[in-house]
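I opened the notebook to record what I looked up, entry by entry. The entries follow the order in which I went through the two chains.

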Amino acid sequence: MTKIRLENISKYYGNVVAVDDVSFEVRKGEFFAILGPSGCGKTTTLRIIAGFEVPDIGRVYFDDEDVTFVKPYKRNTAMVFQNYALWPHMTVYENVAYGLKLRKKELNLTDADIDRMVKEALELVRLSGLENRYPLQLSGGQQQRVALARALVVRPRALLLDEPLSNLDAKLRIEMREELKKLQRSLNLTTIYVTHDQLEAMSLSDRIAVLNKGRLMQVGTPQELYFRPKNLFVADFLGRSNIYSGEVVAKGEGYVEVKLEDSDLIVRGVTPFENIPKKVAVIIRPEIIRLGEGGDDMDVSVRGVVDFAMFIGDKVEARLKIGKISMLIYLPNTYNIRLGDEVKLTLPWRNIVVIPSD
Amino acid sequence: MNITRLWVGSLRREDLTLFGTGTALLLASLLINALQPLEISKVVSYALMLLGFTVGSVMVVKGLYRYDYIRYSFTLSFLSVITLLYLFLTLLIEAYGVPQAFAVFLTPLAGASIVGYLHGKLREKGGMLKVGSLRKPDLRRRLRATLYQLDTTMWFFLLFGFLYLTVFMVLPILLVLTYSFTPPAGGGWWSNFYNVLRTVSYVNLNPIVKEWWSVVNLPNGQRLLVVRGVDYGPIINSLIVASVVTVFATALGIVVAFVLARYKFPGHTLLRVLALMPLFNTPFINSFVVKLIWGQDGPISSLIELIFGYKLRLEGYVGVILTQIITFFPIVYLNAYNSFLNVDPSTEEQAENLGAKGFKLFRSVTLPLALPGIAAGAILVFVFSLEDLGAPIVFNAQNLMSYRIFRGFQTATGLISPEIAALGVILLMITLVSFLAIRNYVSMRSYAMISRGGRLSPRVRCPGPLGLLAIYLAVFPVILFAILPQLGVILISLDVLKPYPTATGLDIRIPENPFMYLTKVLSDSTIYSYLLNTFTYAGISVLIAVFLATAVGYSVSRLKIKWLANVLDSLATSPLAIPGLVIALGYYYFFYILANALSYVFPGIYADLSPGPTFKTWVVFIIAFSVRRLPYVVRSVFAGFQQVHENLEEAAMNLGATRIKVVFGVIFPLIVGYILSGALLGFIYMATEVTTSVTFGGMNSAYAPMTYYMAQNIVGAAGQGPMLVAAMGTILIMIQLVVVIIVVYVFKQRYAFIGV
């Protein structure tokens with residue numbers, strides 16, 4: 001178990017900034033995700049942790065040891081690559097045993113030890129019996145497990161996962177998600193998980209770092225990021241949101257009142273910022289919007305006209321026109337809706353977040 | 001918004017090209033008629049060029065000739081490259097009359113190209129600066145981050161690659177350059193170049209014989225048409241020969257490749273195999289066979305006589321051109337064939353879907369997508385033609401740059417004349433500049449590979465009856481003509497075909513002992529020693545080349561210090577663009593100096609290393625083979641490294657393997673097929689190496705390789721000479737056949753020539 005700390009990391013490719021002043025700490029035994037759209041620098045960050053790249057500015061610490069310039073083969077991290085990177089000319093057994101053979105002297109292992117450890121690792125990922133297959137004879141999910149076993153068998157200080165599930169089909173991905181989480185829990189291994197899939201990140205991680213264009217946007221638990229986003233990017237990237245710009249008209253005990261742009265509507269919400277500027281953005285997630293009137297006194301009720309609706313199975317997604325603005329809401333899938341219907345809504349103030357507009 | 005701008009704005013690219021061509025013709029004809037008789041003075045011509053240059057710049061500023069066009073329209077990007085080369089040369093040789101008039105016309109385009117290029121570069125720079133962040137790492141940190149990638153293995157690879165190539169390639173060439181500036185007594189530092197570029201013996205724009213053919217009345221009353229070409233001196237001759245060869249070889253290569261890549265017809269496989277035959281290298285003897293077939297008493301001559309009443313003989317430059325077209329077109333064919341296969345079928349289907357078909361489809365989608373590969377092949381043909389010695393020696397076409405340099409070796413008393421070095425430098429400039437220009441162009445437009453993902457089974461269809469007729473009546477006969485030399489070599493070696501025609505035509509008979517010459521070549525200890533020399537040198541050189549290729553290929557594919565990787569890559573590829581004769585010249589000076597320098601320390605070594613009759617030339621051959629054929633080995637090994645995803649290496653490193661363990665433990669077993677293919681191909685190209693072999697072979701024949709023997713015995717062409725050479729040719733064909741079969745069927749590699 002290792003604590004990993006990144007301190008002001010920047011990485012340039014020519015004049016392009018891949019990672020721009022990123023700092024965060026991954027706690028011992030934590031499942032930590034780095035989340036962001038493609039090209040945001042998340043893989044580069046992971047490669048810096050693994051030692052495949054060196055940051056141009058900043059330092060990397062494992063526990064309190066500075067490893068910024070330590071070669072990858074001396075860091076004892078174990079990475080699972082997006083494409084698994086299994087050596088096609090070695091069997092499953094040989095692939096998994098490779099790291100142990102390199103450590104044979106160092107760890108004072110006998111051949112019997114190695115054999116036992118490989119078998120254990122394969123058992124852990126439920127691949128026993130496939131030792132003599134070659135990677136190309138395995139399915140995508142199985143290859144994925146071999147890659148995982150190969151990484152786990154060397155007892156690494158940290159497990160690094162680079163979009164490990166992205167090459168699997170949707171159903172298998174959800175299965176593997178659960179399995180991965182259980183495995184990590186039982187091994188209690190510091191894990192850094194890179195992904196562009198917000199569902200994956202939220203469901204697996206203890207904490208998430210959101211990256212955009214090389215910059216760190218926010219670090220926090222999934223709940224923090226989801227319910228208290230600190231910027232528009234995080235609000236927009238995680239889940240779905242109605243985002244309106246507006247002006248603060250009043251501040252009260254724990255709440256602010258905002259008049260939305262292009263509308264007479266005034267809503268109340270909470271803000272994680274102490275000094276909120278006048279120009280703000282209001283984030284209203286569709287699933288917090290209640291149908292009908294009533295509730296807290298502070299909640300705002302509005303009426304809207306159904307402009308567009310889609311049945312998508314577990315719910316109905318509808319877009320309402322409220323004056324000049326438009327709002328996405330979720331309705332129960334049994335709700336019989338017609339275009340032009342008038343709908344009454346309540347906007348619960350505690351779940352509405354107000355942040356400075358960028 | 002004025003009216004001109006509006007009009008230009010509405011102009012389409014096709015119109016612009018058409019407009020340009022039209023103006024070109026008009027202007028050129030005007031200039032020719034108006035200026036030629038007046039013999040315009042230097043001042044006027046320079047003034048005209050300056051004017052053209054200004055016009056070009058104005059065109060760019062006004063947006064009439066955009067940099068983007070140079071980049072993205074293939075008509076103009078080629079044009080700008082060729083324009084610049086042409087202008088450079090006409091200036092150097094002080095061309096007048098038609099060539100100069102044409103040069104004057106081209107200047108605006110050249111100006112526009114240069115200005116546009118610079119403009120674009122500047123804009124790129126400006127755009128990039130904006131992206132840069134506020135925080136900049138300090139230099140020491142950057143250096144440390146850079147050095148981080150260089151572990152012991154990487155250092156060793158880089159040092160070995162750079163050292164070997166610098167010492168045995170860059171240094172010798174620098175020596176040629178140095179010697180080219182050594183003036184003759186009383187001359188200025190430039191006088192060698194002045195002599196080579198401005199005197200009649202090198203550049204003769206006004207030859208006495210202006211007809212490229214003549215009719216001779218033979219004693220027996222027959223009339224003979226002799227086609228030989230006009231002699232403008234070695235520089236212009238070489239350029240004409242190389243350009244004509246490139247154009248025809250490219251056209252032929254494209255047609256054959258397209259037919260084979262896109263049509264299915266009975267005899268398809270046969271044609272594919274036949275089209276590869278001319279690539280089998282049989283130095284000297286193939287030219288000899290071409291000369292025989294197209295000679296006075298050959299079958300072509302008889303056929304022409306039957307139809308037109310003239311006998312026909314190809315001689316000199318025309319003979320060289322024909323031989324080289326036949327020899328080199330498969331290079332373009334192979335590249336074009338692979339390029340056509342690589343064109344994503346869906347891009348063509350999309351074009352068809354939008355209404356393009358037939359030639360329009362080919363011209364607007366297929367050809368542009370395949371063009372980078374074709375251009376890469378064409379430029380190789382250009383370079384190969386310029387440096388070829390076989391055909392010029394056999395056809396006795398002495399006024400070619402390659403032959404002149406070769407003569408420089410033969411007639412040298414003491415050190416080779418610096419004038420020859422100057423000629424070598426000019427030859428090198430021409431090949432290097434064209435090669436780099438095309439390389440730049442190819443790398444800029446290699447998008448054929450970009451669109452992946454779709455199915456890549458090429459679209460094959462059956463030709464219509466007319467197409468079928470064209471294939472059987474045009475393509476097949478052309479290919480058959482092209483393989484006649486190889487066929488002839490085998491027939492001569494088996495004593496079926498006599499190398500000396502009788503008055504009634506070729507002398508063909510059933511031999512009594514068909515394997516006589518093959519046996520003699522392999523059993524006669526004198527002749528066999530040449531073969532043994534060749535295979536020993538090639539064997540050792542291949543080992544060096546494979547190691548060098550591994551070092552270079554690995555560094556280039558993995559190094560993230562881009563400029564360093566690029567320099568090494570260019571160094572390792574450049575032997576393709578460096579004429580063998582220039583390398584030979586370089587080694588000549590190199591060893592001359594080395595022997596002198598070393599003899600202070602080891603007095604005995606002078607005789608062993610100094611060019612002369614006691615020179616232990618095997619050193620030169622081993623080094624020359626390994627450097628000259630390195631690109632083929634590198635290409636194959638590099639392809640192997642590229643095939644291996646970097647993650648496979650990183651996965652091993654991540655688990656604790658050092659780089660040396662990764663390269664030799666994990667990667668090598670994966671790409672062993674690529675390495676062996678590279679080694680085998682390198683071996684056959686080394687075995688058939690001509691230039692250093694014939695130039696240095698003559699110094700000390702005990703160490704000479706077989707190509708030297710072939711050259712010696714083909715020139716006099718007496719007695720059994722040609723038969724024995726043909727036997728050697730047949731042995732070479734066999735070896736090459738085996739290699740190709742192994743490479744294609746055992747290692748499953750594509751046998752291709754995309755060297756750029």
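The model is a predicted one, which I note here for every entry below. I looked up strand S6 of chain A, residues 77-80. A:Thr77 and A:Met79 point one way from the strand, and A:Ala78 and A:Val80 point the other way. I found all of these residues buried, on either side of the strand. I then looked for the strand that S6(A) pairs with, and 4 bridges join S6(A) to strand S7 of chain A, residues 158-162. The two strands run parallel. For A:Ala78, I noted A:Leu159 in S7(A) as the bridge partner.

I noted 9 helices and 20 strands in chain A. Chain A has 358 residues, and 55% of them are buried. I also looked at how far apart in sequence the contacts reach. Of the contacts in chain A between residues at least 6 apart in sequence, 66% join residues at least 24 apart. I recorded an accessible surface of about 15900 Å² for chain A, with 48% of it belonging to carbon and sulfur atoms.

I traced an open sheet of 5 strands in the order S13-S12-S11-S14-S20, with antiparallel pairing. Its edge strands are S13 (266-269) and S20 (353-356), each of which pairs on one side only. From one strand to the next, the twist averages 45°.

I stayed with S14 of chain A, residues 279-284, and followed its pairings. With S20(A) it pairs in the antiparallel sense over 4 bridges. There I noted that A:Ile283 has A:Val353 in S20(A) as its bridge partner. Strand S11 of chain A, residues 242-252, also pairs with S14(A) in the antiparallel sense, over 6 bridges. In that pairing, A:Asn242 has A:Ile284 in S14(A) as its bridge partner. Is S14(A) largely enclosed or open? I counted 5 of its 6 residues as buried, so S14(A) is largely enclosed by the rest of the structure.

I looked up A:Asn95 and placed it in helix H2 of chain A, residues 92-102. Its relative accessible area is 0%, so A:Asn95 counts as buried, the cut-off being under 20%. Which residues does A:Asn95 touch, not counting residues up to four places away in sequence? I listed A:Leu86, A:Trp87, A:Met90, A:Pro135, A:Val146 and A:Arg150.

Most residues other than glycine have a negative phi. I noted two residues against that background. Phi of A:Asn8 is near 50°, a positive value in a residue other than glycine. A:Asn8 lies in strand S1 of chain A, residues 4-13. With a relative accessible area of 33%, A:Asn8 is partly exposed. For A:Asp21, phi is near 55°, again positive in a residue other than glycine. I found A:Asp21 in strand S2 of chain A, residues 16-26. A:Asp21 counts as partly exposed, at 34% relative accessibility.

I noted 33 helices and 3 strands in chain B. Chain B has 756 residues, of which 53% count as buried. Among contacts in chain B with a separation of 6 or more, residues 24 or more positions apart account for 78%. I recorded about 33900 Å² of accessible surface for chain B, with 69% of it belonging to carbon and sulfur atoms.

The size of an interface is often given as the accessible area lost when the parts come together. Between chain B and chain A the buried area is about 3400 Å², and carbon and sulfur atoms give 56% of it. I then looked up salt bridges, and the count between the two chains is 1. A:Arg47 forms a salt bridge with B:Glu650, and I noted 2.6 Å between the closest N and O atoms.

Methods:
Residues numbered from 1 in each chain as written. Chains lettered and ligands numbered in written order. Predicted model: local features only at pLDDT ≥ 70, side-chain atom pairs only at ≥ 80, totals over all residues. Heavy atoms only, no water. Buried < 20%, exposed > 50% of the residue type's maximum accessible area, 1.4 Å probe, protein only. Contact = heavy atoms within 4.5 Å. Areas by Shrake-Rupley, 256 points an atom, 1.4 Å probe, with all protein chains shown as cover. Pairing = 2+ DSSP bridges. Axes fitted to C-alpha atoms, helices over the stretch in contact; angles between N-to-C directions. Buried area = accessible area lost by both parts, 1.4 Å probe. Salt bridge = Lys/Arg side-chain N within 4 Å of Asp/Glu carboxyl O.
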